[in-house]
Every structure is written in structure tokens, then in C-alpha cells.
Amino acid sequence: MKKLIVSVVFSTLCFASWNASAEDKPLDLTTGKTLYSTYCFMCHDRGLGHAPRPGDKGDWAKLLPLGEDTLYTSIIDGPNHMYSKGISPIWSEWQLKSMIHYLTSTVTDASTQAQIGSASEADKAQHLRLMHGRKLYEQACFKCHDYGDLGAPQLGNAEAWATRKDKGIDALVKTVIDGKGHMYAHGGSNSLSTEEFKMMTEYMLSTLEEGWVSPQQNCK
């Protein structure tokens, strides 16, 4: 038994050491393209669910300033309609970052390279909050709020939110936690924290901003 334990520990340490050295490798465009063509092309090539398309500068205009590290974090969490890591078996940070690097390379040249990562740290953090808020929203709230059912303020409907948004984020979150009208306390989602409800509410308010696109428009 002792020999088995020592063997397992040794193997684990060797693997960890190999993985750490692998992550130090320079990002590889060829590997990134191969992974993209294997796991991601079905949605991104066609822009399904507003997935940014390779080579389309318009699709990437707001994403490039966030930087590749922020996009990596977003992919791990699973932004918008995309599951975590696009439900692909890719687990390596180096692989995922190589794929992101390939995608950004399709829309950058000498004049746009400087845009990558140019956003402030606050804007990058807020992007991740809104993306996570949207993910939670689509798990717990979409059934009523996508369509405005049972008096729920419809996503993106400025008129429906006119008397609500000025109350402030904390008051809106308290309403969700307490329950109101046909909405159960905690929106019927008792497993979520107050901070998670806040992120969902921030996302819902962000849909009132100019340029927001309804999630019901799954294809471009």
C-alpha cells in the first residue's frame, strides 16, 4: 500500500510539473486554429447566439479591448449562450488561450493590435460580472422576464423598467429576495447568493442600454 501511495504521489507531482512547463509555452496560432476548427466552428462560423465570428471586426470591436486574459476567464465561466468552455474537452489553459489568440489574430492588424487589452481593469471586471449575471439569469429568470409574463418587467423593455430602475440596484435586489407579485422569494432560486442576484439585476438593467440585442435573436 505504501508503494502504491508513493507511486500515485510521484505521478501526480510529475504531471503537475509537466503541466506547469506546458503552460509556459508561447501561444501557438496553428494549435489554436486546429482546436477552433474541431470544437468551436459550429457556432462561431455562423455567429449563432451572437458568437463572435472569425474575421468579422464588427463582432470583435467591443471584445478586443477586454484583452485575451479576460476573454479566457469568460470562456471558462461560459458567457451568454455558451456553456463552460463551449462544453469541449479542452482543459489546458495553454490550449484555450492559443485558441483565443488565433481568433483575435483574424481581426487584428497593425492598426488594431493596440486595441487588445486597452480597456480599464474596472471595465474588464464589469464585463465579467455582466456575463456571469446573464448566465445566472438564463438559468433562473428567463421564463418570465424574457416575455414579460405575469407582470414581470420584460428584458430590454425601457417602459417596463421606467418606474423600477431609479430605485437603485440594492432596492431591486431586495425585491427579488423578498418576492413580489407572482415572483417567489429569491425568484424561486434559493441556492443563489445576494451577490449573484445583484449580478443578475445588473445584467437586466444593462439590457436597457443602447445597442443591446435580445437573446431571442439567436442567429445573426
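This is a predicted model: local features need pLDDT of at least 70, side-chain atom pairs count only at pLDDT 80 or more; totals for chains, interfaces and linings use all residues.
1. **Helix 6.** Start with helix 6, which covers residues 93–105. Its 13 residues reach 18 Å from the first C-alpha to the last. That is close to the 18 Å expected at 1.5 Å a residue.

2. **Burial along helix 6.** The buried residues of this helix are W94, L96, K97, S98, M99, I100, Y102, L103 and T104. Note that the list includes a lysine, K97. K97 lies over the face of Y72, at 5.0 Å from the ring centre. W94 has a lysine over its own ring: K25 lies over the face of W94, at 3.7 Å from the ring centre.

3. **The largest nonpolar core.** This core has 17 residues. Y36, W60, L71, L96 and M99 touch the most other members. Helix 2, helix 5 (68–77) and helix 6 each supply at least two of its residues. Helix 6 gives the largest share, five residues. In soluble globular proteins, nonpolar side chains tend to be buried together.

4. Which residues does M99 contact, leaving aside neighbours within four places in sequence? They are G32, L35, Y36, C40 and I90.

5. **A second core.** A separate core holds 15 residues. Among them are Y137, L155, L172 and M200. Two of these names return below: Y137 in an aromatic pair, and L155 in contact with T207.

6. **Aromatic pairs.** The structure holds two aromatic pairs. One joins Y36 and Y102: the ring centres are 5.9 Å apart and the planes stand at 50 degrees, so the pair is tilted. Y36 sits in helix 2 (residues 29–39) and Y102 in helix 6, 66 residues apart, so this pair links distant parts of the chain. Both Y36 and Y102 are buried.

7. **The other pair.** Y137 and Y203 also form a tilted pair, 5.6 Å centre to centre, with 55 degrees between the planes. This pair too links distant parts of the chain. Y137 is in helix 7 (residues 121–140) and Y203 in helix 11 (residues 194–206), 66 residues apart. Both Y137 and Y203 are buried.

8. **T207.** Look next at the segment after helix 11, where T207 lies. Is T207 buried or exposed? It counts as buried, because its relative accessibility is 2%, and the cut-off for buried is under 20%. The side chain of T207 reaches the backbone oxygen of M204 at 2.6 Å. Not counting residues up to four places away in sequence, T207 touches L155, G156 and W212.

9. **Positive phi at L150.** L150 is not a glycine, yet its phi is positive, about 55 degrees. It is found in the loop between helix 8 (142–145) and helix 9 (158–161). L150 counts as exposed, at 58% relative accessibility.

10. **Positive phi at H186.** H186 has a positive phi of about 60 degrees and is not a glycine either. It lies in the loop between helix 10 (169–178) and helix 11. With a relative accessible area of 26%, H186 is partly exposed.

How values were computed: Residues are numbered from 1 along each chain as its sequence is written. Side-chain values use heavy atoms; hydrogens and water are left out. Helices (H or I, at least four residues) and strands (E, at least two) are DSSP runs, numbered from the N terminus. The expected span of a helix is 1.5 Å times one less than its number of residues. Buried means under 20% relative accessible area, exposed over 50%, partly exposed in between (1.4 Å probe, protein chains only). Rings of Phe, Tyr and Trp (its six-membered ring) pair if their centres lie within 6.5 Å; planes under 30 degrees apart count as stacked, over 60 as edge-to-face and the rest as tilted. A charge sits over a ring if NZ of Lys or CZ of Arg is within 6 Å of the ring centre and within 35 degrees of the ring normal. A polar contact is a pair of N or O atoms within 3.5 Å; within protein, one must be able to donate a hydrogen and the other to accept it, and residues adjacent in sequence count only if both atoms are side-chain atoms. Contact means heavy atoms within 4.5 Å. A nonpolar core is a set of buried Ala, Val, Leu, Ile, Met, Phe, Trp, Tyr and Cys residues joined through side-chain atoms within 4.5 Å.
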